[in-house]
Amino acid sequence: MAETAMLAIGTIAARTGLAVSAVRYYEEERLVFPVRAASGHRHFRRSDIRRLSFVRIAQQLGFSIADIREQLRGLPEERTPTKRDWEKISTGFRRILDERITAMEVLRDKLDGCIGCGCLSLDKCRLYNPDDAAHAKGSGPRYLMGDRPET
Ligand code: FES
């Protein structure tokens with residue numbers, strides 16, 4: 001679909017729910033590539049709304065600017081990304097999201113039990129981490145990191 005109308009920074013900020021300063025920052029961080037009009041004003045493709053929306057949500061999910069830039073590196077800078085372009089980056093990103101979802105599920109499911117962190121502060125710790133046996137597997141909350149109690 002050919003893009004005709006270019007959008008001003010205020011318009012794209014309003015539609016994405018981002019501050020104008022945030023849009024400028026994402027440009028500085030090479031996450032979006034507006035064109036400059038003769039007046040010097042930034043003009044954005046309508047498809048940049050999708051790109052900036054991806055950036056906004058990925059940041060809300062805790063991805064760093066460097067992570068997001070790495071994911072968006074597969075998209076063309078000088079034209080509207082196609083569905084195929086987005087499919088290419090979504091494959092890699094889907095794997096990362098699945099890993100995070102699994103980690104969050106483990107945290108959700110184990111948060112009220114012993115997480116093998118060494119605090120020995122719960123009654124369950126005596127059963128699942130006697131004398132901090134989990135520490136033998138390494139530092140950190142071992143039962144949130146994939147290890148299982150020796151029971
Ligand atoms: S919760 Fe910290 S050792 Fe059990």
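Arg36 is partly exposed, with a relative accessible area of 47%, where partly exposed lies between buried (under 20% relative accessible area) and exposed (over 50%), computed with a 1.4 Å probe on protein chains only. The model is predicted, so that local features need pLDDT of at least 70 and side-chain atom pairs count only at pLDDT 80 or more, whereas totals for chains, interfaces and linings use all residues. Residues are numbered from 1 along each chain as its sequence is written, and side-chain values use heavy atoms, with hydrogens and water left out.

The side chain of Arg36 meets that of Glu27 in a salt bridge, with an N to O distance of 3.5 Å; a salt bridge is a side-chain nitrogen of Lys or Arg within 4 Å of a carboxyl oxygen of Asp or Glu. Glu27 is buried, at a relative accessible area of 19%. By this rule the model holds 13 salt bridges.

A second pair is formed by Arg79 and Asp85, whose side chains meet in a salt bridge at 2.8 Å, N to O. Arg79 is partly exposed at 37% relative accessibility, while Asp85 is buried at 5%.

Another salt bridge joins Arg126 and Asp123, with 3.5 Å between the closest N and O atoms. These residues are 3 apart in helix 6 (residues 123-128), and Arg126 and Asp123 are therefore separated by about one helical turn. Helices are DSSP runs of H or I of at least four residues, and strands are runs of E of at least two, both numbered from the N terminus. An α-helix has 3.6 residues a turn, so residues three or four places apart point the same way. Both partners are exposed, Arg126 at 63% relative accessibility and Asp123 at 60%. Elsewhere, salt bridges that share partners link Glu27, Arg36 and Arg42 into one network.

In helix 1 (residues 9-16), the buried residues are Ile9, Ile12, Ala13 and Thr16. They lie on the same side of helix 1 because they cover an arc of only 100° around the axis, the arc being that of the directions from the helix axis to the C-beta atoms. Ala14 and Arg15 are exposed on the other side of helix 1. The buried residues of helix 1 pack against strand 1 (7-8), helix 2 (20-28), strand 3 (42-44) and helix 3 (48-60), with contact meaning heavy atoms within 4.5 Å.

The domain assignment divides the protein chain into domain 1 (3-106) and domain 2 (113-151), with bounds from an automatic or database assignment. The centres of domain 1 and domain 2, taken over C-alpha atoms, are 41 Å apart.
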